Amino acid sequence: MLRYVTTNPGKVREAERYLADGSVSQLNFDYTEIQAAELAPIAARGAREAYREAGEPVLVDDAGLFVEGIDGFPGPYSSYVEDTLGIDRVWEVARSLEDRRAAFRCTLAYCDGEGFAASPDPVDRGDRVAAAAAGPGDANADGVDGDPERADPLPVKLFEGYVPGRIVAPRGDGGFGYDPIFEHDGETFAEMDTDRKNAVSHRGRALEKFAEWYADR
Ligand code: ITT
Ligand code: NA
């Protein structure tokens, strides 16, 4: 059984749409979130820790909101900022910005204790072309320089998704987290139902790639 590692039931609801009925269940495990400028090393390290905890295949989901006009903040600190400032005050900060463009990013990290077939690029970065809001970085670098995690031999496979949008005054009551203040194509994510959000979202894009790989691995 694949375990979807998150404390956030909203993520699981979205993920279930991509994975066969009964093939995945939530592992409510709060893995250590290292400080890093990128989501990939955080997710990769979390996947190794979760796999060692669970002893069965795990998929870690690390996401963040990157606001262009404030250099990609809160990015990897999105969870902390939601808990401390809250989304209404994030909107208050953003409303004073000339440039309210933003992006959600999601990195999925899979670990099952086995190696993976060699591939030229272990991360599918297909939709990262417009990832300017997320800043530079190498998603393949699993761990930062000097990080002892880098030497961890447990293989992890990464999948990424990205969606552009802009920060707006809160609207809608669906979804979770920053959804009410993130508008894509005229609607906030909180105004969309799960299928509609999945069809365009960072998580949906990452899950689509994962599900395809997982089905014929
Ligand atoms: P886990 O780490 O246990 O999975 P979390 O909610 O803290 O739960 P993240 O660190 O990945 O997950 O999320 C960072 C923040 O971004 C957090 O405040 C989430 O509510 C928010 N977030 C993540 N995905 C989101 C989405 O699809 N829509 C809106 N907000 C999202
Ligand atoms: Na988190």
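Modeller: Let's take strand β6, residues 157-167, which is mostly covered: of its 11 residues, nine are buried. Keep in mind that this is a predicted model.

Now look at who sits beside β6. One partner is strand β4, residues 101-111, and the two pair in the antiparallel sense over 10 bridges. To find your place along that pairing, look for F104, which stands opposite V163 in β6. Another partner is strand β7, residues 182-184, again antiparallel, with two bridges joining it to β6. Here the spot to look for is I167, which stands opposite F182 in β7.

Stepping back, the protein has six helices and eight strands. Their order from the N terminus is β-α-β-α-β-α-α-β-β-β-β-β-α-α, and 42% of the 217 residues are buried. Of the contacts between residues at least 6 apart in sequence, 68% join residues at least 24 apart.

There's also ligand 1, surrounded by 21 residues, with T6, T7, S78, E82 and G177 the closest. Two elements give two or more residues to that shell: β3 (58-67) and α3 (78-84). The biggest share comes from β3, with five residues. By type, the shell splits into six nonpolar, nine polar and six charged residues.

Conventions
Residues are numbered from 1 along each chain as its sequence is written. Chains are lettered from A and ligands numbered from 1 in the order in which they are written. This is a predicted model: local features need pLDDT of at least 70, side-chain atom pairs count only at pLDDT 80 or more; totals for chains, interfaces and linings use all residues. Helices (H or I, at least four residues) and strands (E, at least two) are DSSP runs, numbered from the N terminus. A residue is buried if 20 or more other C-beta atoms lie within 10 Å of its own, exposed if 12 or fewer, and partly exposed in between; C-beta atoms are placed from the backbone. Two residues are in contact if their C-beta atoms, placed from the backbone, lie within 7 Å. A residue is near a molecule or strand if its C-beta atom, placed from the backbone, lies within 6 Å of it. Ala, Val, Leu, Ile, Met, Phe, Trp, Tyr, Cys and Pro count as nonpolar, Asp, Glu, Lys and Arg as charged, and the others, Gly among them, as polar. Two strands pair if DSSP finds at least two bridges between them.
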